[in-house]
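Dear colleague,

Please find the structure below, handed over for your use. My notes on what was found in it follow directly after.

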Amino acid sequence: MALDKIESHRMEALQRSMPDEKLSDHALIEATRGGDETAFAEIVGRYRNQITNYLYRFLNDYEEAVDLAQETFVRVYFALDRYHTNFAFSTYIYRIATNLAISEIRRRKRRRLLSLTGLFQSEDDSDVEFQPTDHRTLPDVELVEDERNKVIGRAIAALPEKYRVPVILRDIEGKSYDEVAEIMELGLGTTKSRISRGRGLLKEKLQHYL
Amino acid sequence: MGNEEQKLYNEEQVSRLLGDLKRAEAPNDFDFGVRARIAKGKPADKSPSWLPVTVRYAVPLVLLVLVGGYFAFNAFYSLNVTSIPVVVADKPAKEPPIAGPPSTPVIAPPPDQTIAGHPDVKPETSTKGRLPAPERKVSPKAEIPGGGSIDLSQHEGVKIEVPKPEPRSRSTQISAKSVLTIIGVTVTSNEPVWKAVSVREGGIGDRSGIKAGDVIEAINDQPANEKTGFANRTILRTIRVRRDGTSIEIPISH
């Protein structure tokens, strides 16, 4: 009986300490503003994989993607006071991530210009592929799949920024056209047009896989 | 299938291809990394620091100023140098000779003589109005013991100042006619054959045995003509003349 009570109290305490799964992003932000660190941890938990994957597809560099994803959450945390609930939190966080990624791309270009070794470095060598450790023996099918992913990843990363962002958001992150337009702060027509154009460019490069 | 339908179909294919891609996931220590960064304080500012700005603007500016200053200085310096006339001037006889054997001859061109080939050359006894020439140190090697030769530039009692036409030019040349003038031999001008019109009495040419009427054929085995030039520190050893149809090699003595 005593053990049951202890277990019951422990569960209640755990539930109190953990944010409600149904809490909206806005509610979690409000809770974070009120000093609830676990609320912010919940936000991180909700978006970390999405943002990491988005940035990875944008940069085609896993380490850099993780670094920028963490940086995205840090910026969100320190800008909570400036965040308005006029639009969805997901739009807000993707916009921050996009801006960071674009800055990173431009920084890379500058570095490539300044670096003497960059003159002799091919485009393919400049990016680090995401290759999670896997000790299993890869069957041929998985090898082919892995190679296909790399080729597609490079094709996406080679797209101009203005096409890359909406295509990733729409086709990889599964955002609606409206959400993509909001994140990019563009009109709906322009967004659709860019997505279409981006897909067209990818089709030319990935003809072999279609 | 129409073009529009084909386009939509292609887009759909690309969309499916991208949607099937393996998703990257955040590492296990992702949250820890975020907390650690938050604990550090403000987000890392990856914007270019003051150093790249300096590199981009200040360093090129400094380089530009340095290069520009260098060329400006050179231009100004060469302008000043080239404006100085070529001067052959006698030094006061009292001036002690530069270390060397007592037999070193003295080259003393006539003070009122203008060096041929240098129309702007004027005798000058004063150094006023021109840049001070650096003192030349005479190495013992430049002197030939025993006489019979002349160091054109370092000779006792004669100071030959030939400003360099260009600051970096090391090959200052003295024309053959100027050499003859220095040793007191005046030759016909504007003629292919140089004939000694007059030989200054007591001059080096006179003492060596050159006479009026001699045809100067060579100086130091170099043909005597307008094209021949001698370096500033050339030692005058011989002059070959044609006298009465015979070539004579005259060693220069004092």
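**Helix packing in chain A**

In this predicted model, helix H9 (residues 177-184) of chain A and helix H10 (residues 188-205) of chain A have axes that come within 9 Å and cross at roughly 100 degrees. H9(A) is therefore roughly perpendicular to H10(A), because angles of 65 to 115 degrees are placed in that class. On the side of H9(A), the contact is made by Tyr177(A), Asp178(A), Val180(A), Ala181(A) and Met184(A); H10(A) contributes Leu188(A), Thr191(A) and Lys192(A). By class, the residues of this contact between H9(A) and H10(A) are five nonpolar, one polar and two charged.

A second pair in the chain consists of helix H3 (residues 37-59) of chain A and helix H4 (residues 62-78) of chain A, which pack at an angle of about 140 degrees with their axes 8 Å apart. H3(A) and H4(A) are therefore oblique to each other, and H3(A) passes H4(A) in a right-handed crossing. The residues of H3(A) that make the contact include Phe40(A), Val44(A), Ile51(A) and Leu55(A), while those of H4(A) include Tyr62(A), Ala65(A), Leu68(A) and Phe73(A). The contact of H3(A) with H4(A) has 13 nonpolar residues, together with two polar and two charged ones.

**The contact between the chains**

Chain A gives 32 residues to the contact between the two chains, and chain B gives 25 residues. On the side of chain B that touches chain A, the elements giving two or more residues are helix H1 (3-19) and helix H2 (30-40) of chain B. H1(B) gives the most to that side, with eight residues. The residues on the side of chain B that touches chain A comprise 12 nonpolar, five polar and eight charged.

**Two positive phi values in chain B**

Most residues other than glycine have a negative phi. Asn220(B), although not a glycine, has a positive phi of about 50 degrees. Asn220(B) is found in the loop between strand E7 (215-219) and strand E8 (222-223) of chain B. Asp221(B) lies in the loop between E7 and E8 of chain B, and its phi is near 65 degrees, a positive value in a residue other than glycine.

Are these residues buried or exposed? Asn220(B) counts as partly exposed because it has 17 C-beta neighbours inside 10 Å. Asp221(B) has 11 C-beta neighbours inside 10 Å and therefore counts as exposed.

Yours sincerely

Methods:
Residues are numbered from 1 along each chain as its sequence is written. Chains are lettered from A and ligands numbered from 1 in the order in which they are written. This is a predicted model: local features need pLDDT of at least 70, side-chain atom pairs count only at pLDDT 80 or more; totals for chains, interfaces and linings use all residues. Two residues are in contact if their C-beta atoms, placed from the backbone, lie within 7 Å. Helices (H or I, at least four residues) and strands (E, at least two) are DSSP runs, numbered from the N terminus. Ala, Val, Leu, Ile, Met, Phe, Trp, Tyr, Cys and Pro count as nonpolar, Asp, Glu, Lys and Arg as charged, and the others, Gly among them, as polar. A residue is buried if 20 or more other C-beta atoms lie within 10 Å of its own, exposed if 12 or fewer, and partly exposed in between; C-beta atoms are placed from the backbone. Axes are lines fitted to C-alpha atoms, for helices over the stretch in contact, and angles run from 0 to 180 degrees between N-to-C directions. Angles under 35 degrees count as roughly parallel, over 145 as roughly antiparallel, 65 to 115 as roughly perpendicular and the rest as oblique. A crossing is left-handed if the near helix is turned anticlockwise from the far one by less than a right angle, and right-handed if clockwise.
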